Amino acid sequence: MSQSSGRVVIVGGGVIGIACAYYLAHSGWSVTLVERDEIGMGCSHANCGLVCPSHVLPLAEPGVAWKTLTTVFRRDSPLSIALRFDPGLWGWLLQFARRCNPAAMTEAGRACQALLESSRQLYGELVHRESLDCEWETRGLLFVFESDHEMAAYAHTDALLRTSFNLPATRYDRDALIDLEPALKPGLAGGWHYATDAHLRPDKLLSSWRRVVEARGVTIREHCAVHGFAREGDAARAVQTSAGELVADAVVVATGAWTPQFRRPLGGRIPIQPGKGYSITMPRPAQCPAIPLLFPERRVVVTPMQSGYRLGSIMEFAGYDATMNRRRLDLLKAGASRYLREPYGDAVDEEWFGWRPMTYDGKPIIDRSPAMRNVYIAAGHNMLGLSMAPATGKLIAELLSGTTLHVDPAPYSLARF
Ligand SMILES: Cc1cc2nc3c(=O)[nH]c(=O)nc-3n(C[C@H](O)[C@H](O)[C@H](O)COP(=O)(O)OP(=O)(O)OC[C@H]3O[C@@H](n4cnc5c(N)ncnc54)[C@H](O)[C@@H]3O)c2cc1C
């Protein structure tokens, strides 16, 4: 039996699990994908749908720790931390604060860029080769600023992205911005357009990609929760599920924000915190933007999809608190109202929240478990899981199959924690 003809069980049916299933099936593995709920109903469901190589910089930027401290307890802050006894969260925040320096930011940026650029290219190929029905569009992403001060300050970030990451943006001041995107209100300071970015409708991507992997022979088991691993020596022999054991030659754990549940059997520290974000999906307004928009001053993203229109973002560190906080949804609307002529309508298709799998250094974990030599982890993709999924899936398939690696996995190792 060649290494790439065994049975692999993937735990977790989000965008990362589906991408792993696709590339592993492509490499000749017999794949079973196990999901405790339904495919694509976790954080991958109604996110903002941006495939954004422009987002190389992690949340932990110089000055962010201090800025966060001064705003984070405000009720109208787009970034909030619940005040409660949670040693795991406070330890995570301390490590996050330590990473808010130029060297750590650049290191994380380079690590993320490898996955972002590879994924952007792979999506371009995949969407056409597999006829993925996901409303794929390549209109770039426009960062828009209300204040002259913030617009000018962004010039430093632009210079950094241009020189250190070869990511040039086109600058549009005042009227030129409105000429580019007439759905914006007049009087805004300006914007920066990243032409390389793309966007899609995430729920449609997941259902379409699911059909593709099923046609490739992947078995999907929904409403089947994994609660452990049956071991034989230093390897996993089977995955233990609510529907019995699934025998496996290899296992991939792709459980997003829930990955710390397997901390003990996986044998390493898995410092992933759930970073709760929200979105509101609506019918397209009459004056719908053509280009996806990001308002960094309010941390609001606007995604015009072919079949709808979405406002999203917010970052709430409150554990796995499952309440739909209406104040957060209102913040999205209030933020969009400052920039758009027609920010939202009365009809709502879906109000949603999801838990982003946040690591304190902004890099995902793509590595073998230190406790079981045939178990791999693909989790912790922070705010960019959709954008990094194809390269993650491809890298996992290469690691399991022992073939040439298209991206260096060293920055994503568990040993860094
Ligand atoms: C508001 C918002 C906007 C975002 N916008 C973007 C964006 O524009 N672009 C981008 O790239 N990213 C974006 N993200 C981030 C992106 O959504 C996540 O990084 C990504 O969805 C993570 O994918 P995942 O497959 O790791 O996790 P998930 O999609 O959460 O999948 C994990 C799955 O594992 C399952 N699971 C957990 N435990 C078990 C178990 N024991 N047994 C079986 N199954 C289990 C869960 O049910 C879940 O389905 C956004 C996130 C939010 C919240």
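Trainee: What share of the contacts in the protein chain with a separation of 6 or more comes from residues 24 or more positions apart?

Mentor: Such residues account for 76% of those contacts, where two residues are in contact if their C-beta atoms, placed from the backbone, lie within 7 Å. Bear in mind that this is a predicted model, in which local features need pLDDT of at least 70 and side-chain atom pairs count only at pLDDT 80 or more, while totals for chains, interfaces and linings use all residues. Residues are numbered from 1 along each chain as its sequence is written.

Trainee: And how many helices and strands are there?

Mentor: The protein chain has 10 helices and 20 strands, taken as DSSP runs numbered from the N terminus, with helices being H or I of at least four residues and strands E of at least two.

Trainee: What part of the chain is buried?

Mentor: Buried residues make up 49% of the 417 residues; a residue is buried if 20 or more other C-beta atoms lie within 10 Å of its own, exposed if 12 or fewer, and partly exposed in between, with C-beta atoms placed from the backbone.

Trainee: Let's take β20, then. Why is it described as largely enclosed by the rest of the structure?

Mentor: Strand β20 (residues 375-379) is largely enclosed because 5 of its 5 residues are buried. Val375, Ile377 and Ala379 lie on one side and Tyr376 and Ala378 on the other, so that both faces are covered. In a regular strand the side chains alternate between the two faces of the sheet.

Trainee: Which strands pair with it, and in what sense?

Mentor: Strand β13 (residues 250-253) pairs with β20 in the parallel sense over 3 bridges, and valine 252 has tyrosine 376 as its bridge partner there. Strand β19 (residues 365-368) pairs with β20 in the antiparallel sense over 4 bridges, and the two form a hairpin with 6 residues between them. Pairing requires that DSSP finds at least two bridges between two strands.

Trainee: Switching to the ligand, which residues come nearest?

Mentor: Of the 41 residues around the ligand, Gly14, Gly42, Gly256, Gly277 and Gly385 come nearest, a residue being near if its C-beta atom, placed from the backbone, lies within 6 Å. The elements that give two or more residues to this shell are α1 (15-26), β14 (272-282), β17 (308-317), β18 (350-359) and α10 (385-401).

Trainee: Last one: is arginine 264 buried or exposed?

Mentor: Arginine 264, which has its place in helix α8 (residues 263-266), is exposed, with 11 other C-beta atoms within 10 Å.
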